[in-house]
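Reader: Got a structure I'd like to go through with you. Can we take it piece by piece?

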Amino acid sequence: MQPFRWSHVILAAITAHAVLAGSSAFAKDEPRVSIGKHDTAIDINAKFTIDPVTGMPSMNLGSAAATEDPNQYLADTHCRADGPDTKDPGCDALECPATATNSEAGTPVIWKEAPKAITNPGWTDWIPVSGPTCLYDPQPENVLANIAARILTDFQQLPVNPGTLQAQPFPHTLKGGPTNFYTTTAEQGFDVTILGQAVHLTATPAHYTYTFGDGGTLGPTPVAGYSIPEADWLTNQTRTSHTYTETGNYQATLTTAFTGTYSVNNGPPLPINGTLNLTTPAKTIQVWKTERALVADTCQQNPNSWGCPGAKTD
C-alpha cells in the first residue's frame with residue numbers, strides 16, 4: 001500500500017491542481033529593508049517611530065503635499081547675467097518672434113532666483129538659474145506670478161494615467177495567505193499653453209494608498225510594490241501584501257498622490273504646492289478557502305482523485 005499524504009485544494013473552478021505537503025503555514029513577515037531577493041528598496045525622507053506596545057517601527061509620512069519652494073523667482077528683462085550692467089551676449093542673439101498672427105513678439109529674459117527670506121532682494125541676491133529664453137507677455141515681470149496663481153488647478157486637470165493595480169494571485173486568492181499588491185505607474189510630462197506661455201508640467205508619483213476592500217488599508221506609503229515569482233505567491237509577505245481573513249469578493253483600489261513641477265518657456269522647474277490624487281478602477285479580489293483531506297494517489301495516477309481537475313464537485 002502506498003503511504004498516505006495530505007493535500008490542499010482551492011474550493012472553486014480550479015484550473016490547475018497543486019499538492020502542498022505538510023501544514024499550510026505561511027512565511028513570517030520579512031524585515032522592511034533587506035538585501036535578499038525580496039525587498040531591495042530603501043525608503044528615505046521619512047520618520048520612523050517605535051510602537052510602545054508592539055515594539056515595531058512605523059513610518060510617519062506626514063502630509064503628502066509638496067514641500068513649499070524656499071525661493072522666489074524673477075524674469076530679468078535686462079538679461080543681466082552677472083552684475084547690474086553685464087548683459088548676457090546670448091540675449092542679443094536670441095530672436096523671439098510672435099508665435100501667432102496678430103500677437104506680440106517675445107522678450108528675451110534670464111530667470112533668476114533668490115531666497116524668500118530676503119524681502120527686497122538686491123541685484124547681488126538674484127542668482128541666474130537659466131540661460132536666455134523667450135517670454136511672451138506684455139508685462140513679463142508679472143507672468144510668473146499669474147501662472148503660479150492657477151498652476152495647481154491646471155495641474156489637477158491634466159490627463160494623468162493613475163496606473164494599474166496588480167494583485168498576485170489574481171483573480172483568486174486564499175484566505176489566510178498574503179496577497180501581493182503592487183502598482184505600475186510612472187512620471188509623466190505634459191506640454192500646455194497657459195496665459196499664452198509654453199509650460200511644461202511633470203507629474204511624479206510620490207505616495208500610494210492601498211484600499212483592500214475588507215476595511216484594511218495601507219498608506220500613504222512611498223512603496224509602489226513589485227511583482228514576485230509565482231512560486232512565492234501566498235507564501236512571501238512583501239511590504240505591500242495584505243492577508244484576507246474571510247472568504248468573499250472584495251473591491252480593491254489604489255490612490256496615487258502625484259506631486260508636480262512646471263517650467264515656463266524653458267525656465268527653471270518650479271514646484272507645485274499641492275498634489276493630484278488619482279484612484280484606479282476597483283479590482284475584484286475573490287478570496288477562497290482551503291480544505292484538507294487524506295488521499296492515496298496523485299493526480300497523475302488518478303485524475304479523478306479528490307482535489308484533482310477531473311474530480312466531481314458537489
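Reader: First one. Is R150 buried, partly exposed or exposed?

Author: R150 counts as partly exposed, at 33% relative accessibility. The cut-offs: buried is under 20% relative accessible area, exposed is over 50%, and partly exposed is in between (1.4 Å probe, protein chains only).

Reader: What kind of model and numbering are we on?

Author: This is a predicted model: local features need pLDDT of at least 70, side-chain atom pairs count only at pLDDT 80 or more, and totals for chains, interfaces and linings use all residues. Residues are numbered from 1 along each chain as its sequence is written, and side-chain values use heavy atoms, with hydrogens and water left out.

Reader: Back to R150. Which residue does R150 form a salt bridge with?

Author: D154. The closest N and O atoms of D154 and R150 are 2.8 Å apart. A salt bridge here is a side-chain nitrogen of Lys or Arg within 4 Å of a carboxyl oxygen of Asp or Glu. D154 is buried, with a relative accessible area of 17%.

Reader: How many salt bridges does the structure hold?

Author: Two. D76 and K112 also meet in one, at 2.9 Å from N to O. D76 lies in strand β4 (residues 71-76) and K112 in strand β5 (residues 107-115), so this pair ties together parts that are 36 residues apart in sequence.

Reader: Are D76 and K112 buried or exposed?

Author: D76 is buried, at 3% relative accessibility. K112 is buried too, at 6%.

Reader: Why can such side chains pair?

Author: Side chains of opposite charge can pair when their charged atoms come close.

Reader: New topic. Where is Q188 found?

Author: In strand β11, residues 188-194. Strands (E, at least two residues) and helices (H or I, at least four) are DSSP runs, numbered from the N terminus. Q188 counts as buried because its relative accessibility is 16%.

Reader: Which backbone atoms does the Q188 side chain reach?

Author: The side chain of Q188 reaches the backbone nitrogen of N161 at 2.9 Å. It also reaches the backbone oxygen of A186, at 3.3 Å.

Reader: What else does Q188 touch?

Author: Leaving out residues up to four places away in sequence, Q188 touches P159, V160, N161, L201, T202, A203 and F258. Contact means heavy atoms within 4.5 Å.

Reader: Zoom out. How many helices and strands does the chain have?

Author: Three helices and 18 strands. Of its 314 residues, 36% count as buried.

Reader: And what share of contacts join residues at least 24 apart?

Author: 67%, among contacts between residues at least 6 apart in sequence.

Terms used. Polar contact = N/O pair within 3.5 Å; in protein donor to acceptor, adjacent residues only side chain to side chain.
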